[in-house]
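Reader: I have a model open on my screen and I'd like to walk through it with you. Can we take it piece by piece?

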Amino acid sequence: LLALVNSITSPIIEKQKQAELEKTLEVIKVKNPVTLTDVELVDGVDVIYSGTVEGVECYVFQTTIKNSYKTITTLFVVSKSDKKIIEVAPTVGDGLSTHNMDSALLESNFGLIGSSSSDYKANFVPVAGASRSSDSIIWGADKVFEQLGKMEG
């Protein structure tokens, strides 16, 4: 019975997740996203897309990092040419909300816009009162730049 219910609900859940992803990609202005399937992903990177943002060729890295309170899934948009972060779009997954900081977390770019592998940690600005969630964002950025390093050779 459980397998039957799962076989019915799994495709519906996957469609909802895909629709949410497409909406998020639209909000952050990613055009023509194509999933890169020939890349070995580092732990913490769920998927990589190739696309454009305002005519700039970019990668979109989806990271999922679980801290002690919640799971944070973040899309990092990185320019292909100069490997700088163009956009950061976090979402708050399962877990407890802490001090109603989720809206501040969702609206922050953490000082990462324009950052590259050499300066993103120095530019990082955590959200006050949401240090664990902010940590998940910088850990996600760590994974993005690790992944970029592997992709470049």
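Reader: How many of the nine residues of strand E2 are buried?

Author: Quick housekeeping: this is a predicted model, where local features need pLDDT of at least 70, side-chain atom pairs count only at pLDDT 80 or more, and totals for chains, interfaces and linings use all residues. Residues are numbered from 1 along each chain as its sequence is written, and side-chain values use heavy atoms, with hydrogens and water left out. Strands (E, at least two residues) and helices (H or I, at least four) are DSSP runs numbered from the N terminus, and buried means under 20% relative accessible area, exposed over 50%, partly exposed in between (1.4 Å probe, protein chains only). Strand E2 covers residues 45-53 and is largely enclosed by the rest of the structure, because the buried count there is seven.

Reader: Which residue does Glu57 meet in a salt bridge?

Author: A salt bridge here is a side-chain nitrogen of Lys or Arg within 4 Å of a carboxyl oxygen of Asp or Glu, and the count comes to five. Glu57 is in strand E3 (residues 56-66), while its partner is 23 residues away, in the loop between strand E4 (70-79) and strand E5 (85-95). The N to O distance is 4.0 Å, and the partner is Lys80.

Reader: Which ring does Lys80 lie over?

Author: Lys80 is partly exposed, at 23% relative accessible area. A charge sits over a ring if NZ of Lys or CZ of Arg is within 6 Å of the ring centre and within 35 degrees of the ring normal. Lys80 is 5.0 Å from the ring centre, over the face of Tyr59.

Reader: Is the pair of Tyr59 and Phe61 stacked, edge-to-face or tilted, and what is the angle of their planes?

Author: Rings of Phe, Tyr and Trp (its six-membered ring) pair if their centres lie within 6.5 Å; planes under 30 degrees apart are stacked, over 60 edge-to-face and the rest tilted. Tyr59 and Phe61 are both buried. Their ring centres are 5.8 Å apart, and the pair is tilted because the planes meet at 50°.

Reader: Back to the loop between E4 and E5: how many residues apart in sequence are Glu152 and Lys83?

Author: Glu152 is exposed at 53% relative accessibility, whereas Lys83 is partly exposed at 22%. They form a salt bridge with the closest N and O atoms 3.6 Å apart. Glu152 lies in helix H4 (residues 131-152) and Lys83 in that loop, so the bridge ties together parts whose separation in sequence is 69 residues.

Reader: What is the length of the polar contact between Ser79 and Asp82?

Author: Ser79 lies in strand E4 and is buried, with a relative accessible area of 4%. A polar contact is a pair of N or O atoms within 3.5 Å; within protein, one must be able to donate a hydrogen and the other to accept it, and residues adjacent in sequence count only if both atoms are side-chain atoms. Between the side chains of Ser79 and Asp82 the distance is 3.1 Å.
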